[in-house]
Amino acid sequence: MGSKSFPVYQLREGDWTSPSTFAIEGIPIPAFFATEPAALHDYIVNFQTRSDDVFVVSYPKSGTTWMQEILWQLYNNGEVSSSKIFERVPMLERGLDKGRPDVRTLPSPRLMHTHLTYDIIPKGAGCKYMYIARNPKDVFVSFYEFMKDYGSTGGFSGPWEFFARIFVEGEVPYGMWNKHVLEWWKHKDDSDVLFLKYEDLKKDLSSNVRLIAKFLEKQVTEDTVNKIAQQCSFEEMAKNVSTFTLDGPKLLRKGEIGDWKNYFTAAVDERFENEVLKELRGTGLVFDFEP
């Protein structure tokens with residue numbers, strides 16, 4: 001494993017604590033993902049890709065589970081499975097967890113998901129990367145509720161205003177939202193990258209299922225496209241909620257655009273505008289914040 005050290009970091013302010021993380025190649029990873037960070041580091045940096053690997057990639061709480069289910073159904077002719085989504089499209093970073101699939105041993109084509117940045121994600125010829133981004137205000141709200149549900153496991157405690165601050169400052173798992181998203185946005189025109197937006201899928205899921213199928217070079221009928229779009233609506237997925245539940249928090253919450261308005265004060269909104277969204281100016285990347 002070498003002599004590299006992976007100390008656990010946690011910001012503390014009185015009784016409030018940020019989520020516990022350790023850094024892999026500069027990226028904060030949730031501490032509960034691995035009891036041996038050095039082993040997880042080696043697992044990720046030495047991961048051997050295959051030419052037909054497919055990665056669903058995102059910043060946390062940006063529509064990852066949704067994309068996993070769409071991907072699974074596209075590879076299984078619109079089948080709906082009762083198996084846990086993390087068993088069917090496992091997470092790369094949790095490949096060493098007991099009871100979780102080790103992606104290295106899965107048969108091809110391997111379908112997997114990850115929150116890794118563009119700089120450190122395993123790359124290989126023939127691999128395909130589907131990146132989904134969501135407006136950061138809704139991401140923050142969903143991330144806060146998710147980490148709150150994790151409780152002591154995730155290491156977060158405190159009010160949402162505290163989480164808003166550490167989110168903007170990048171003191172959360174996977175770091176700063178704008179840095180993560182913009183790294184992938186720079187590669188939106190690469191032949192192996194499909195950059196999608198959560199809000200676009202909400203507004204026209206069928207068209208985006210067709211777009212994803214084309215990117216993956218999957219031949220699917222129009223009936224199958226419509227079937228997948230119907231089965232992957234939030235309402236339909238919520239009927240099978242046990243499939244989208246971890247050992248605690250639900251992976252599906254509301255699936256709405258604009259829920260941030262139920263949380264944001266004027267001061268928090270101003271900080272997001274000035275410190276998060278300003279980084280998008282001039283990049284061509286814009287988001288919808290209204291339904």
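Colleague: What is the order of the strands in the open sheet, and how are they paired?

Modeller: Bearing in mind that this is a predicted model, the open sheet of four strands has the order β6-β5-β7-β8, and its pairing is parallel. Neighbouring strands in this sheet are turned against each other by 20° on average, with direction ignored.

Colleague: What makes β6 and β8 the edge strands?

Modeller: Each of the two, β6 and β8 (193-197), pairs on one side only.

Colleague: Why are β5 and β7 said to pair?

Modeller: Pairing asks for at least two bridges between two strands, and five bridges join β5 (residues 54-58) to β7 (residues 128-133), so the pair qualifies. The two strands run parallel, and V57 stands opposite Y131 in β7.

Colleague: Which helices lie against these strands, and at what angles?

Modeller: Helix α2 (residues 64-75) packs on the sheet and touches β5, β6, β7 and β8, its direction making about 160° with that of β5. Helix α8 (residues 205-216) lies across β5, β7 and β8, and runs at about 170° to β8.

Colleague: How do you know that β3 and β4 are paired as well?

Modeller: Four bridges join β3 (residues 21-24) to β4, against a requirement of at least two, so these strands are paired too, and they run antiparallel. One of the bridges has I24 with I27 as its partner in β4. In the hairpin of β3 and β4, with two residues between the strands, E25 takes a positive phi near 55°. Along β4 (residues 27-30), I27 and I29 point one way while P28 and P30 point the other way, and all are buried.

Colleague: Why is the pair of F140 and F264 called edge-to-face?

Modeller: Their ring centres are 5.6 Å apart, which is within the 6.5 Å limit, and their planes stand at 65°, which is over 60, so the pair is edge-to-face. F140 belongs to helix α4 (residues 136-150) and F264 to the loop between α10 (234-238) and α11 (266-275), so that the pair links parts of the chain 124 residues apart. Both F140 and F264 are buried.

Colleague: What makes you say that a charge sits over the ring of Y118?

Modeller: The charged end of K123 is 4.4 Å from the centre of that ring, and the distance limit is 6 Å. K197, in turn, lies over the face of F287 at 5.8 Å from the ring centre.

Colleague: Why is H41 called buried, whereas E161 is called partly exposed?

Modeller: H41, in helix α1 (residues 37-45), has a relative accessible area of 10%, which is under 20%, so H41 is buried. E161, in helix α5 (residues 160-168), has 42%, which falls between 20% and 50%, so E161 is partly exposed. The side chains of H41 and D42 are joined by a polar contact of 3.0 Å. Leaving aside neighbours within four places in sequence, H41 is in contact with K4, F6, I24 and E25.

Colleague: How do you know that V89 is buried, and which residues is V89 in contact with?

Modeller: V89, found in the loop between α3 (85-88) and β6 (111-114), has 0% relative accessibility, which is under 20%, and therefore counts as buried. Leaving aside neighbours within four places in sequence, its contacts are Q68, L71, W72, L111, M112 and H113.

Conventions
Residues numbered from 1 in each chain as written. Predicted model: local features only at pLDDT ≥ 70, side-chain atom pairs only at ≥ 80, totals over all residues. Heavy atoms only, no water. Phe/Tyr/Trp six-rings, centres within 6.5 Å; stacked < 30°, edge-to-face > 60°. Buried < 20%, exposed > 50% of the residue type's maximum accessible area, 1.4 Å probe, protein only. Lys NZ or Arg CZ within 6 Å of the ring centre and 35° of its normal. Polar contact = N/O pair within 3.5 Å; in protein donor to acceptor, adjacent residues only side chain to side chain. Contact = heavy atoms within 4.5 Å. Axes fitted to C-alpha atoms, helices over the stretch in contact; angles between N-to-C directions.
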